[in-house]
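Dear colleague,

Please find below the structure that I am handing over to you. I would be grateful if you could read the notes after it with the model open.

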Amino acid sequence: MTRNVPRPTVLPTPLTVQRQDRPTLLLTGGSGVLGRALIDELAPDFHLLCLRRSRPLDDPRVAEIEGDLLTPRLGLSRQEWYELALRVDVVLHSAAQTNWRTPPEEILRTNVLGTDTMLDLAARADAPLYLVSTAFVANTPTDEDEERFPGAAAYLNSKIRAERMLREAGLPGAIVRPSVVMGDSVSGRIAGQQGLTRTIGSMVLGQVPVLPGAPEARVDMVPQDYVSRAVGDLIRGGVGSGEYWLTAGKEAVALSEIADTCAEFAVRRGLPRPPRPRLIPVEAVHRLLLPMLEGTSLPGSVRRRFEHYAELLLVFQRELPLDSSLGAPHCGTRPTHAEIRAALMRNLESWAEERPGLLSRHRVHAAAATATEVAS
């Protein structure tokens, strides 16, 4: 899919470009979950130029350029494109279509063409390109996965193709593969709630009676500040090649531990202790449960919720740990198992602080249900 755009041998004299006292780093995806953490990490060391499509970032630490990853030259004029190439010293491509409800062909188009555009710019700028992929490229989608979960499969396939494009381009840079990005390890804050975060919130409220997965299966999650620090270290260290797994690895928490943490948090917040979800082995989910749900009279919303849980966990959980590069030279530090569990609790605190009304209503409903049971 890579476009054959001729590379200029001599760039035109810039009309507006001025060299800076610090390197200029072009960041895509600055408004995303990881993008906000990357801005925090990189702002002290780089002049940050963030690509946005429409909505401003409104962050005084960054300059913004409006453009569309899916149009030639980002929609810039030829002169503006050349001037941008002269200005940029480093490219960090974090933008991606991560909504699995998006049509699969759009996910592929966005993530592959977006990477192609950034490769073109990096080549013209003679700049290294750091590509944010995902650790779950380790979970190659099967034909059954692609049929049942086309959005998730398209996302994984698009990341696999984007990685291949960078390797084949021969540009300096590196591939970074974060696993599930949690909120900050200290504050618990996160720029946007992801699917797995919403699932964990539902577990606190006792709304997840069944989950696909074995109790010992690991769900690899890493706080966003650990991920952004590793990316920053790689860039500041001038690392020009390689593939880096920004994961918990052997320190990852088990699915049963997540359920226990959610229950502990609920009690701490004065909520009824949620029943522990019944965990169903992955092979039984594909072979028995999902086909059975298709033929039941359950409300469509209930079926869709469980299918969403299945899609998330069938992609994100593993019985064997992922590799991890955290803690290696120029690659941040690796969180301990205890630190990840503590970060999960802080993430839940942040989730609850943003939903005081939801938790209050849940307490009222739970108290009313208890009173009804006692009266009967």
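Predicted model: local features only at pLDDT ≥ 70, side-chain atom pairs only at ≥ 80, totals over all residues.

Residues are numbered from 1 along each chain as its sequence is written, and side-chain values use heavy atoms, with hydrogens and water left out.

**Overall picture**

The secondary structure comprises 12 helices and 14 strands; these are DSSP runs numbered from the N terminus (helices H or I, at least four residues; strands E, at least two). Of the 376 residues, 51% count as buried, where buried means under 20% relative accessible area, exposed over 50%, and partly exposed in between (1.4 Å probe, protein chains only). A contact requires heavy atoms within 4.5 Å. Among contacts between residues at least 6 apart in sequence, 78% join residues at least 24 apart.

**Salt bridges**

The structure holds 22 salt bridges, each being a side-chain nitrogen of Lys or Arg within 4 Å of a carboxyl oxygen of Asp or Glu. One of them joins E41 and R236, whose closest N and O atoms are 2.7 Å apart. E41 belongs to helix α1 (residues 33–42) and R236 to helix α7 (residues 224–236), so this pair ties together parts that are 195 residues apart in sequence. E41 is buried, at 12% relative accessible area, whereas R236 is partly exposed, at 33%. Both belong to a network of salt bridges that links E41, D45, R229, D233 and R236.

A further salt bridge joins D120 and R124 at 3.1 Å, N to O. Both residues lie in helix α3 (residues 104–125), four residues apart, about one turn of the helix. D120 is buried at 7% relative accessible area, and R124 is buried at 11%.

**Helix α5**

Among the buried residues of α5 are G151, Y155, K159 and L166. After α5 comes G170, with a positive phi near 70 degrees.

**Residue D184**

D184 is located in the loop between β7 (180–182) and α6 (195–204). D184 is buried yet has no salt bridge, and the nearest side chain of opposite charge, R346, is 7.7 Å away. Its side chain does reach the backbone nitrogen of S187, at 3.0 Å. Leaving aside neighbours within four places in sequence, D184 is in contact with R189, P223, Q224, D225 and N347.

With kind regards

Terms used. Lys, Arg positive; Asp, Glu negative; His and termini not counted. Polar contact = N/O pair within 3.5 Å; in protein donor to acceptor, adjacent residues only side chain to side chain.
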